[in-house]
Amino acid sequence: MKILVAVKQVSILDDEFEMRDDGRGVDADFFEKDLNEFDHFAVEEALLIKEAAGEGAEVVVVTVGDDEADDALRTALAKGAERGIRVWDDSLAEVDSIAIAKVLAKVVEREAPDMVFTGAQSADFGHATTGMALAGLLGWPHAAVVSKLDFVPGAATATLHRELEGGLEEIMTIQCPAVLSIQLGINQPRYASLRGIRQAKQKPVEELDLDALGLGGGAVTSASRVRRMYAPEKGQAEIIEGTVAEQAARLAEIIKELRGI
Amino acid sequence: MASWGELPGLVDRLLDTGDPYAALGAYPFAHAPDRQALEAVILATPRLRLTFAAAPYAPADLLDRISIDADGAHRLRLAKNPATPPSALARLLTGDASERIRRYVAAHRHADAAMLSALAVDRSVQVRRAVAGNRNAPRGVLTRLVAEGDGLIDRNAARGPFAGAEILQTLWDTGERHVRAEIAAHPNCPGAVLDQAEAMSDALIRRKLASNAGLGIEALSRLLTDHDERVRAAAVRNPVVAGDYLDDPEGEPSPKVRRIFARREWLAAHVVARLAADPDDWVRRWIARNPAVPEDLMARLAADPVMEVRRSTARNPACPAPLLTILAGDPAAWVRAGVALREDAPEGAISLLLTDEDPDVRAALGRNPRTPASTFEEIARHPDKDVRRAVAFNRAASVSVVALLAEDPYPLNRVIVAGHPNLGRAPLEHLLDDPEPQVRFAAAAQLARRLAPPPAASGGLHINHCD
């Protein structure tokens, strides 16, 4: 039994930041990188299933990213995943989530897992599309925002709960293998032990380029591109003081300013 | 005990590893030449410079160093950082400082009188308002600002500790109700204004007046019978009200006021008795913690149907030993945990609790120095990280138990145990290689602290602790 968990190293912005000169992203000096919070829950869910299944079960983590993304994989490996896969090519820099899904689909074909987990979304861009696009490319069933999961390895179906609007909860059965995007709070992610962290350094991380996945020659392109990123100007607030007449006069002044009168 | 001669050895090791967080931990304890070398590691990249410029745990000398060649982003972070020293703040104001930076410096707790005097004539009213709100603003500066007649400046100035009677009188005469309320609470408020405030129909002003510790007992005793419960509550809370004046809440209709009575010390016996029988749970919760409660009433509160009242009794320093033993067998774990926290709990109570598996009770035992060493080890291996952390806080935890926690999977537990006096040299050095930067910082700080000489024997060494 094998569960493949797609993880991402996300950017965590400082309170104060500056944009890059090209205006399409934040200057790298102004953010830290860390494993996506949602992915901690996806990894934990896979580990719980593996531990309940006993011997022969395997959790494999995969990421698309440059060598800095190894930290995200090592974090998951330290918690108990068996091995990692990192796919990178400079042409993948700043591609959209659909392009990432194309890469992941090839990894899934190669690994043939019994189930694929992703986080419900990434904490930095929040597209929430990678898992859905991956399922579409594979032709697999998909369930998003899974808040509870009952899956016995080898079973033809899994039962899961999904959170809906208005506090509703949906219980559904899904054919396996499937792609599930995992919601925060589905479990309590563990902290890696120091021993686990040391062992993670020895665990195998396979590095693949696009050619190795049969995706060379410009086969992976984005369907969308970021044109501009900026922080909108913040609204202004003013406490109007004075007598009622003074307050009314100031209010009229503000209305005139806003309407350009 | 290692000698001072070993601190340079630690610095060499930190320089070799190039770890900025461990270097930062040792920085306040290092000699000046070593500090320069450590700065090269701590500030090695633009990202690190930005991180530490904003870090409230960064030593003042390091922030001063960053301010010397700071660009716009660094300057803004330094201006917002509460640990930035006056020397660095003064440097931020040189040249063409932006309005944001001037505003943050004007509000900074380390801004001195000279800076505030200069900023008090700033062209931006936002900056001048920030100066008026700074608790270091001297009287002369406040006088100048109040002359502007800006409502927000007035409100800020009315709170300033250095606002004198003359400024307060001026503001009272011209200010709106919130300004007047601040003046009524000010320790420098002129006597005539205090009298006027007491006669005001606005409850906000009377409430603030009732909180003024400079108010006479006669005025306060009148405010104790005010028709507004918030005014009475403020008067009961006022430390000037004591002894016979803290009398008899029998006719007090407001449970909110009775709750404050129950929190006051030196209550008369009949007041304590009445509060202990109060129908409001919160009144009984507060009085159950009051050391003035006699043993017979304490026994009644220990049997209260509300669990939180029994918990308060267990936490009362005057709770007698036999009652603690009874509470150690309480059906509510939160009450038993209250007993387990007590260093003065009788042997019988501690013995009863040692077999208690509830996480709150285990955590409380973990904090209690009277807990047997064998139980400490069990608690240090508890599956709940918060329970294990209790032992890390316990100064009585043995060398072996503390070493166990140095391997804890939860990083915060390792951070705390790095500062434990019983953590041995070897596990502490091992934490210098921890995957978590916070742990490496704490371990390096603790090692350097141990290796540095006591300040009195340092021969002029300046140790600049993190602010």
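Two residues are in contact if their C-beta atoms, placed from the backbone, lie within 7 Å.

## Model and confidence

This is a predicted model, in which local features need pLDDT of at least 70 and side-chain atom pairs count only at pLDDT 80 or more, while totals for chains, interfaces and linings use all residues. Residues are numbered from 1 along each chain as its sequence is written, and chains are lettered from A and ligands numbered from 1 in the order in which they are written.

The pLDDT is the predictor's confidence in each residue, from 0 to 100. Its average over chain B is 92, and 96% of the residues there score at least 70. Residues 1-5 of chain B stay under 50, and the model has five contacts for them beyond four places in sequence. Residues 457-467 of chain B are also below 50; that stretch has 16 contacts in the model beyond near neighbours in sequence. For the complex, the predictor gives an ipTM of 0.77 and a pTM of 0.84.

## Chain A overall

Chain A has six helices and 11 strands. Both kinds of element are DSSP runs numbered from the N terminus, with helices being H or I over at least four residues and strands being E over at least two. The radius of gyration of chain A is 23 Å, well over the 18 Å that the globule rule gives for 261 residues, so the chain is more spread out than a compact globule. Here the radius is taken over C-alpha atoms, and the rule is 2.2 Å times the number of residues to the power 0.38.

Along the principal axes, the C-alpha atoms of chain A fill a box of roughly 80 × 45 × 40 Å. Of the contacts in chain A with a separation of 6 or more, 69% are between residues 24 or more positions apart. Buried residues make up 36% of the 261 residues in chain A. A residue counts as buried if 20 or more other C-beta atoms lie within 10 Å of its own, as exposed if 12 or fewer do, and as partly exposed in between, with C-beta atoms placed from the backbone.

## The sheet of chain A

Nine strands of chain A form an open sheet with mixed pairing, in the order 9-8-7-10-6-1-4-5-11. Two strands pair if DSSP finds at least two bridges between them. Strand 9 (169-175) and strand 11 (205-208) of chain A stand at the edges with a single partner strand each, so one side of each has no neighbour in the sheet. From one strand to the next the twist averages 35°.

Strand 1 (residues 2-6) of chain A pairs with strand 4 (residues 58-64) of chain A in the parallel sense over five bridges. L4(A) stands opposite V60(A) in strand 4 of chain A, and the bridge partner of V5(A) in that strand is V61(A). Strand 1 of chain A also runs parallel to strand 6 of chain A, to which four bridges join it; I3(A) stands opposite M115(A) in strand 6 of chain A. Four of the five residues of strand 1 of chain A are buried, so this strand is largely enclosed by the rest of the structure.

Axes are lines fitted to C-alpha atoms, for helices over the stretch in contact, and angles run from 0 to 180 degrees between N-to-C directions.

## Chain B and its side of the interface

The contact between the chains takes 13 residues from chain B and 11 residues from chain A. Helix 4 (46-53) and helix 6 (72-80) of chain B each supply at least two residues of the side of chain B that touches chain A. Seven of the nine residues of helix 6 of chain B are buried, so this helix is largely enclosed by the rest of the structure. Among what covers its buried residues are helix 4, helix 5 (60-68), helix 7 (86-92) and helix 8 (99-107) of chain B.

Helix 14 (residues 177-185) of chain B is mostly covered, with seven of its nine residues buried. Its buried residues pack against helix 12 (151-157), helix 13 (165-174), helix 15 (191-198) and helix 16 (203-210) of chain B.
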